[in-house]
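Me: I would like to go through this model with you, one feature at a time. Please begin with the terms we shall be using.

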Amino acid sequence: MTGENEFRMSVDVTSTEKKKFGNVMIIGLGMIGGSFAKALKERGLATLYGVDRRESELALGVSTGVIDYPAELTETYISKMDVIILATPVRAMESVLTELKPLLSENTLLTDVGSTKGSVIESARRVFGTVPANFIPGHPIAGAEKSGVLASNSLLFEKHMAIVTPLPDSNPVLLDRLHRLWRSVGADVVSMDVVHHDHVLASSSHLPHLLAYTLVDALANGERSQDIFKFAAGGFRDFTRIASSDPVMWRDVFMANKEATLATLDHFTDRLADMRAAIEQGDGASMFGVFTRAKSARDHFLRLLEQRTIGSSKEVRPVSVSVLPASVVKGDISLLGDKSLSHKVITIAALSSGLSEIRNIDLTGDVRITMQAFRDMGVVIEESSVDSLRIHGVGLRGLKAPIAPINVHQSRESLYLLLPVLAGQQFPVTVVAEGGLLNQPMGDLFSLIREMGGEVVSEVADCLPVSLSPNVSLDVSVYLKTASGSLRMAAFLAALYSPEKGRVVQPQRSLSHSDVLFRYFGANMSALEDGFDIKPMPLQGVDVVLSGDEYETVWLVLLANLLPGSELMISNAGLDSVSFAFLSLLKSMGADVTLPVRGQSGLYEGEVRAGFAELHAFELSTEQCYQFRDELPLLCVAAAYAKGESRIKGIGALPYYCEDRVLAIVDALEQMNIVCAHDEGDLLITGGLPQGGELDCAGDDKLALAMFLLGARSQSVTKVNDCQKLLEEFNELESVAMQLGFHCSVTQ
Ligand SMILES: NC(=O)C1=CN([C@@H]2O[C@H](COP(=O)(O)OP(=O)(O)OC[C@H]3O[C@@H](n4cnc5c(N)ncnc54)[C@H](O)[C@@H]3O)[C@@H](O)[C@H]2O)C=CC1
Ligand SMILES: O=C(O)C(=O)Cc1ccc(O)cc1
């Protein structure tokens, strides 16, 4: 017996104080096994025993405090273990399992950390006959190119994923323990099917290692190798870091995951051959396509990774905006393109043939989600500046199947545009979402897809995630009961995919920006009494300059109307018939506003000028109330500053979300000493001088803007809380305000 063995045998495993996970044995005390041991030990969660065929690693493990005791695969130790973790290279696991078999209790959780899962399960089957219920495989998606116990790091698994691949017979109590174990060292646990695991990892981890090893080897043994390494730049270093990984471990991975790695390698080899051909033929467009798609996919991946590692713990900080009274607004302003139009124009341009140049587009927030989805389906989108895009459209049915589900995150706008488009393609696709969007019923949208002939399958009825399968396409004829703009746009897109003729009918037809945009790209739409007929024909790429947000425009006009001394020019307004009618109503109340004339498109495009004028009280009919349902909070504020008593009819007949907004703004008015009353269902507002104070817009951007307006000429500062959404939607608010001399400040 060596001295070390004497020490080992002197350990009394029965006397150990019981920790949360009891006695945990790591077999294979290298980088991963050591990191796991260290993480548990530092947190005081277990008593750690190490086994390794290299005595030196065990001695280092004890001297550096990674484990409590060295151990052996004997009954004395094994019978006392609560958890045993295999952390050797994958092909060594079978012999370890063979040694464990006669000693293992069914109450001990046996797991592993191997990079492949199918092979480990096969080994267990060969050794035990069937996979024992207490053997539940696992795999941390965290690591490094280093190996050995000295490279262990107790924080290695923090905010990384740990995959577990339970089998149908796995013991649920032990599975629960495995989840807790990984969570206790900071990992997020996900369950996965074994075959899926091996295919996914073959592409995301095994193939990159193979490429790095092969590249370094090929260059090291080729011509000019000395100079190649001497003059290698950072890119070479980044790309080849993982070629410093442990050769035994990686030989084992490729021996163990042969089928899946060959499949992904073949796919990659084909793509590499395409690139070779593109270079040989001087086909810059193909190269450019691959590079832009890859760049955007990687940037997107990095953002997701960032969200995982820091975003998950990042709290959303409440934002307030304070408005100082008695300021003026003066100057010329050009607003950034409307956000909803930005989503739409990307969609239409992607489905057109040829190049579209889009200027003055808002590329912030959710718009990037729509853009990413099209990039994931093969559309090349170049960002030529912060507010312009060059979109190389692929035609209505030219999208490519994405390699992963399309993620619309929390963007309802992206979802309503993408779903009908996806239903018109020839490939099956899954659409996933995040946060609140997962719980929202999507019955109206799903029925539309079914009308198109698409097959819609969702686990929870009418909710995301959803899988679509191509089917026979049908002519779409939609009657829109509600006035929802996003459903209307979805219906237009669905109609475009009709084989013969699509029809969209709506109760109150009015010309919108989306109709104009469709026509601009060449859609064949014939107007009906109450809607449109749409004939299927290809759309054609064009150049577009987006006009500013209509709500922001009317808000600015009203701001100038309220503040004495104001003089404002908005140079790129684009008003549809509703916002034009709204500004005309303000004019009839005495507002100083000059409106553009109606252009060929049917929209009122061009300059809007506004200045201060004393407003008079007004009366709004039930029809007007419905027509201006989105602008009502602004109208209530106009009434608060107008001379006399204004009357608004038909509040009770509004969609609930519009009515809620009116109720919230009435609360705010009353809080600011403006007299509001109800008379047989009509809302009465008597003009006065609001006094200022602290308001809450409950995260509603339209309400927030109305509340700023209320504070603009009030007697003291008005602070509006919960403005995060507003600043997301109107991210130039501060710069626009500064430019015009309107004093508002954002505080966190
Ligand atoms: N390196 C990484 O980044 C990651 C590795 N993995 C997996 O974790 C496992 C361990 O990898 P590393 O810790 O990186 O390797 P490592 O080389 O640092 O450690 C492996 C240890 O296992 C010992 N060992 C080998 N055969 C043995 C046997 N028959 N009995 C007892 N001990 C034996 C070795 O002496 C060595 O100390 C592998 O299965 C690998 O696929 C999983 C995730 C990440
Ligand atoms: O070093 C790196 O970047 C890795 O990719 C680490 C890694 C290696 C093998 C795995 O099974 C999981 C993670």
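Reply: Helices are DSSP runs of H or I with at least four residues, strands are DSSP runs of E with at least two, and both are numbered from the N terminus. Please keep in mind that this is a predicted model.

Me: Understood. Where is aspartate 722, then?

Reply: Aspartate 722 sits in the loop between strand 32 (718-721) and helix 26 (724-729). Its phi is near 70 degrees, a positive value in a residue other than glycine.

Me: And why does aspartate 722 count as partly exposed?

Reply: Aspartate 722 has 18 C-beta neighbours inside 10 Å, so it counts as partly exposed.

Me: What about the phi of arginine 224?

Reply: Arginine 224 has a positive phi of about 55 degrees although it is not a glycine. Most residues other than glycine have a negative phi. The loop that holds arginine 224 runs between helix 8 (194-220) and helix 9 (225-230).

Me: Is arginine 224 buried or exposed?

Reply: Arginine 224 is exposed, because 10 other C-beta atoms lie within 10 Å.

Me: Changing topic: how many helices and strands does the protein have?

Reply: The protein has 27 helices and 33 strands. Of its 748 residues, 42% are buried. Among contacts between residues at least 6 apart in sequence, 75% join residues at least 24 apart.

Me: Which residues does isoleucine 27 contact, leaving aside its neighbours within four places in sequence?

Reply: Those contacts are Val51, Ile84, Ile85, Leu86, Ala87, Thr88 and Val96. As for alanine 87, it is 60 residues from isoleucine 27 in sequence, with the two C-alpha atoms 5.6 Å apart in space.

Me: Now the ligand. How many residues surround ligand 1?

Reply: Ligand 1 is surrounded by 30 residues, the closest being Gly28, Gly30, Ser115, Gly143 and Ser147. Two or more residues come from each of helix 2 (31-42), helix 5 (93-100) and helix 11 (247-256). Helix 2 gives the largest share, three residues.

Me: How does that shell divide into nonpolar, polar and charged residues?

Reply: The shell around ligand 1 has 15 nonpolar, ten polar and five charged residues. Domain 1 (3-192) and domain 2 (200-259) each supply at least three residues to the shell.

Me: Next, the sheet with strand 14. What is the strand order?

Reply: Four strands form an open sheet in the order 14-15-17-16, with mixed pairing. Strand 14 (406-407) and strand 16 (455-458) are the edges, each pairing on one side only. Strand 16 pairs with strand 17 (residues 466-469) in the antiparallel sense over four bridges, and valine 456 has leucine 468 as its bridge partner in strand 17.

Me: Which helix lies across strand 14?

Reply: Helix 16 (residues 412-423) lies across strand 14, strand 15 (429-432) and strand 17, at about 170 degrees to strand 15.

Me: And what is the peptide bond from leucine 464 to proline 465 like?

Reply: That bond from leucine 464 to proline 465 is cis, with omega near -5 degrees. Proline 465 is in the loop between strand 16 and strand 17.

How values were computed. Residues are numbered from 1 along each chain as its sequence is written. Chains are lettered from A and ligands numbered from 1 in the order in which they are written. This is a predicted model: local features need pLDDT of at least 70, side-chain atom pairs count only at pLDDT 80 or more; totals for chains, interfaces and linings use all residues. A residue is near a molecule or strand if its C-beta atom, placed from the backbone, lies within 6 Å of it. Ala, Val, Leu, Ile, Met, Phe, Trp, Tyr, Cys and Pro count as nonpolar, Asp, Glu, Lys and Arg as charged, and the others, Gly among them, as polar. Domain bounds come from an automatic or database domain assignment. Two residues are in contact if their C-beta atoms, placed from the backbone, lie within 7 Å. Two strands pair if DSSP finds at least two bridges between them. Axes are lines fitted to C-alpha atoms, for helices over the stretch in contact, and angles run from 0 to 180 degrees between N-to-C directions. A residue is buried if 20 or more other C-beta atoms lie within 10 Å of its own, exposed if 12 or fewer, and partly exposed in between; C-beta atoms are placed from the backbone.
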